[in-house]
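Keep the structure open as you read along.

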Amino acid sequence: MLFQHVSIASVAHIDAPHALSSAEINQRLRPTLERLNIRADVLQDIAGIRSRRMWDDDVLASDAATLAAEKALAEAAVERGRIGLLVNTSVSRDYLEPSTASIVSGNLGLPETCQNFDVANACLAFLNGMDIASRMIERGEIDYALVVDGETANLVYKRTIERMLSPEITEESFRSELASLTLGCGAAAMVLARRELAPDAPRYRGGVTRAATQWNHLCRGNLDRMVTDTKMLLIEGMKLAQTTFVAAKQALGWVIEELDEFVVHQVSRVHNEALLKTFGIDPAKVLTIFPEHGNIGPASVPIVLSKLKEMGRLRKGQRIALLGIGSGLNCSMAEVVW
């Protein structure tokens, strides 16, 4: 998955409007915390998540993805009639069918010639969507592609807190669902283009992926519940990340010190610290957003990239590593040359 002719014409994000603090969640859960004698503040002191962003309750995944897509299309200054592919990568979805991609496409008024579909691969899906679109661009099948993601966590918060307040819940069940309360809402979108159409735009070089699917049982969720073995997920995830990094070094010629920024899929402080320590990454090269935004699933990587761009932290010629791990387990590492 290495590309010579793919540019990133734009990348954009939308922050959900409402902050929900870990202190507020802990206050809601106080009866259960006291009954189970749980004194540690797992969300804030261990996971390092002080807050997360939430949409209004009536906002759908397609609504959020559409907002980000409109912003990305405007920044790319591309006529929507030229978009040949729309890939929606959200974990959140409006319905089982039709695809959320079809709803976003309808919202945007994309042409009948624009192929559209959903790609689901937990927190790795946006990177997967970039690769699928880039392959079509590289082969000359399309000129432009739009990759979108809209994550909505409102329902899972409501239902999880309801279950956690049940007098029947055990400490084991309580802890297995805590990861649900690290999730956050947000949206991102990216326009990819054939390089000759955007010669001065950042180049997407592509990357490598590796799988350890024997661990597919460590995190399982649906729209209103997620159950996670957080300890084993971290251990096996880091093993897979090391395997993937060896492949990235060979395919992309990576030397840690030569990379300028690391855009990391952000889960919690524990996961970030483990990743940085394992690969010897300078923390100054990692923009962390999880303390105020939580884990925004597959939208996390493009949101961080978009925020870096808005901060003016990205300069022409810089090499940017994109690192993602998703439940399953799957891992991707890719490079953008700004």
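Predicted model: local features only at pLDDT ≥ 70, side-chain atom pairs only at ≥ 80, totals over all residues.

Let's start at a turn: three residues lie between β12 and β13 in their hairpin, and there Gly328 takes a positive phi near 150 degrees.

On its other pairing, β12 meets β11 in the parallel sense, over four bridges. The table sets out both pairings of β12.

| Partner of β12 | Partner residues | Sense | Bridges |
|---|---|---|---|
| β11 | residues 261-264 | parallel | four bridges |

Towards β13, Ile325 has Cys331 as its bridge partner. Is β12 mostly covered or mostly open? Strand β12, residues 319-326, is mostly covered, with seven of its eight residues buried.

Now for the helices. Helix α9 (residues 230-252) packs against helix α10 (residues 269-279) at an angle of about 35 degrees, and their axes are 11 Å apart. The contact draws on Leu234, Met238, Ala241, Gln242 and Phe245 from α9. From α10 come Val270, His271, Ala274, Leu275, Thr278 and Phe279. Sorted by class, this contact holds eight nonpolar and three polar residues, and no charged ones. As for handedness, α9 passes α10 in a right-handed crossing.

Methods:
Residues numbered from 1 in each chain as written. Heavy atoms only, no water. Buried < 20%, exposed > 50% of the residue type's maximum accessible area, 1.4 Å probe, protein only. Helix = DSSP H or I, 4+ residues; strand = E, 2+ residues; numbered from the N terminus. Pairing = 2+ DSSP bridges. Axes fitted to C-alpha atoms, helices over the stretch in contact; angles between N-to-C directions. Left-handed = near helix turned anticlockwise from the far one by under 90°. Contact = heavy atoms within 4.5 Å. Nonpolar A, V, L, I, M, F, W, Y, C, P; charged D, E, K, R; others polar.
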